[in-house]
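I opened the notebook to look up the aromatic rings. Which rings pair up, and where do they sit?

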Amino acid sequence: MTSASLSPSADRQAALDLLAWLTVERLGYGLALLLAAGIRLTALGWQPLAPEEARQAMAALDWVRGQTSLPPAGSSPLLLSLHYFTFLFFAATEAWARLWPALAGALAVLLPYGLRRELGRGAALAASFLLALSGVLAFWSRSATGESFAFAAGLALFVSLAGLRRTGGRPWALATGAGLAALLASAPVSYSLLLALAVALIVAGRDWLQTVAQLSRSRWAEAGLAFGLVVLLGSTAFLVRPGGLAALADLPAAWLRQWTQGGGYPLGVLVLRFVLVEPLLLALGLLGLAWGVRKRHPLTPLLGLWLAVGAALLLRPGRTPADLGVLSLPLALLGGQAVASFARRWREVEARGQTTPLLATLAVGTVILVFTAIWLADYAASTRFPQDNVFLWFAAMGVGLLLALVAFYVLWWDAYGAATAAGLLLVAALTVLSVRATWEATHNTDGLRWGSLRTTVGAPDGPNLTAFLAQLAAQDQPYGTDLFMLEVALVVPPGTEPDPLLRWYLRDAQVRIVPGAGSNTAHRLIVALAGEALPLGEGFAGRSFRLTQSWSPAQLAGHARWRWLLFGHYGAPAAEQRAVVWVRATP
C-alpha cells in the first residue's frame, strides 16, 4: 500500500481529531472572542485621541524620531515599546495607536478558561461573555493607554496563580512571572489592582499562598526568569530604548501621587457612570456573590474581598475612571456563577413541568418591558413640555403590570418559577441596557451624546487642524508640497512643554518649537493654543480649531438628567480648549 493511498484516511483522521477537540464549550469561547474582538477592534480610528492618549503616543513617536528624553509621568512602558515598533514599521495614526490595547482586551476574555476547575465550566464560559460585553473594559481596550494591559495582566496573574496552586507545573510558573511583570509595566492602576489581589489572597487565599510557597526552587527560578525578561524587554523595546525603565520606575510614584495630590473625579460621578455602563455586570456580580456566600463556594470569599478592596479604593483622593476596571474583573467572575445558577434553575423549572408557562410569562413580560421603555423614551424626549408627564405615569403602570404578572405566576404555579421568570426578565432588560451603554462608551460618534468615561475627550474638530495644514501645504507656491515638508512654528509659553494633543495633530509637519515671548513675524505659519498673546503684527489671519471638550453629569438636574440617563444627551460642553493656526498673507 502506497503513502498516497494512506493520505485520505490520514486527512480524515485529522479532521475527526479537530472535531473531537472543537467541543461546544471551546466553540463558546471562540464566540466570546469574536464578540470581544468585534467590539474592541471595529473602527478604532473613529474618535480623536484624548489628551492622555496623545501624551502616550507622542512619547513613543519621539523615540522613533531619535529623541531620548524621558517619557511623561504615568506613561505605560509596555505600551511605549509596542508603540515604538508599530510607529517605526507602520504608521502613527489613531487606529495603530489603539491596536495593542484592543488586542489585549479581546484576548483577555479567554482567560476564564483557566478557571474552569475553580468556577465550573458553565460559570467560566459565562464570565468570558461578561468580560466581552463589559463597557468599562471595552472602553479602556479602545484607549491608547496602558489600562487595558493592566486589566488583562491582572486577570492573567490571578488565573496563573490558580493553575500554579492546582498543578505546580512549569507553564503556570512562567505565566505567573510574566503576568506579574506585565501588570507592573502597564499603568498606575496596576498598583490598585495588585493591592486588591494581595489583600484578597492574604485574607481569603492563604491556602493559595501556602501552596505557592512550597514550590521547588526550580519553579521559583522559572517564574523569576519570566518576570525579569518581560520587565526588561517589554519596558525597553527589546533594549533599544533604555529610557523605558524610567517610566517603569515612575508608575508606582504616579499611583502614590494620586493619593497625595487629589484632584480626582467626584465619587458620585464615577459610581453613577459605573451603574449606567455596567448594569448587567453589577447585577449578576452581586447575585453571584450572594449565591456563592450562601453555597459556601470556595472562590467567593477571595473574589468578594477583591471587589471590596476595589470599592474601598474609590474612596481615595485622585480616583480615576480606570479604578472602575478593578471592580469589573471580579464582578465578571462572580457574574459567571450567577448565570450558571440561572441555568440550573431553568432545568429545575423544566423538571417541574412549567416550561410552557415560564416561556409565556417571559413573552408577555418582554412586551410590557418594550412598551415601558417606549413610554420612558417619550417622557425624556418631551421634557420641554411639563404636561407630557403622562408618559411617566404610563411607564409606572408598566412596572405595575410586571409585578402583577409575577404575582399571578406565584398564585397559579409557585414562587420558585416566578422568581426565575422575574430574574430572567431583569437579565434581559439589563443586557439590552449594557449593550447600548457599551456601544455608546466605545463607538459613539453622535455629537449630542457623551459616552466616554473621561470628563475631557478629544473634540471632533481636532483632526480638521491636520487636514487644514495639508490643504495649506498643497497650496504652497509655486508648485505645492506635502505636509511633511511644511514648516510650522509651534508657540508655547516659556518654560512649559508643548501640548501633546496639539503635537499629535502636527506630527507630520516640520515643527519648530518657539517660546511665546518675542516677535514671531519671521514665521509664515504659526500654531498656538487659543489665549496666547502673540505679537504677530499685521498681515496674519487665524483659524480656530477645538482640540478638547470637557463635561460632567454632576451639573445636570431635573429633566436634563433624565435626557442624559435615557439617551446620553448632555447639552453642550462645559469647557473646551482651542488651537489657532495663524497664516501670514503672501505679499
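Predicted model: local features only at pLDDT ≥ 70, side-chain atom pairs only at ≥ 80, totals over all residues.

Residues are numbered from 1 along each chain as its sequence is written, and side-chain values use heavy atoms, with hydrogens and water left out.

I searched the whole structure and found 17 aromatic pairs. Rings of Phe, Tyr and Trp (its six-membered ring) pair if their centres lie within 6.5 Å; planes under 30 degrees apart are stacked, over 60 edge-to-face, and the rest tilted.

I looked up Phe-85 and Phe-238. Their pair is edge-to-face, at 6.3 Å centre to centre with 70° between the planes. Phe-85 is in helix 4 (residues 77-89), and Phe-238 is in the loop between helix 13 (217-235) and helix 14 (244-261), 153 residues apart. Helices are DSSP runs (H or I, at least four residues), numbered from the N terminus.

I checked exposure (buried under 20% relative accessible area, exposed over 50%, partly exposed in between; 1.4 Å probe, protein chains only). Phe-85 is partly exposed at 26%. Phe-238 is exposed at 56%.

I turned to Tyr-409 and Trp-413. Their ring centres are 5.0 Å apart and their planes at 45°, so the pair is tilted. Tyr-409 is buried at 1%, whereas Trp-413 is partly exposed at 36%.

I found a cluster too: ring pairs link Trp-63, Tyr-84, Phe-85, Phe-89 and Phe-238.

How values were computed: Helix = DSSP H or I, 4+ residues; strand = E, 2+ residues; numbered from the N terminus.
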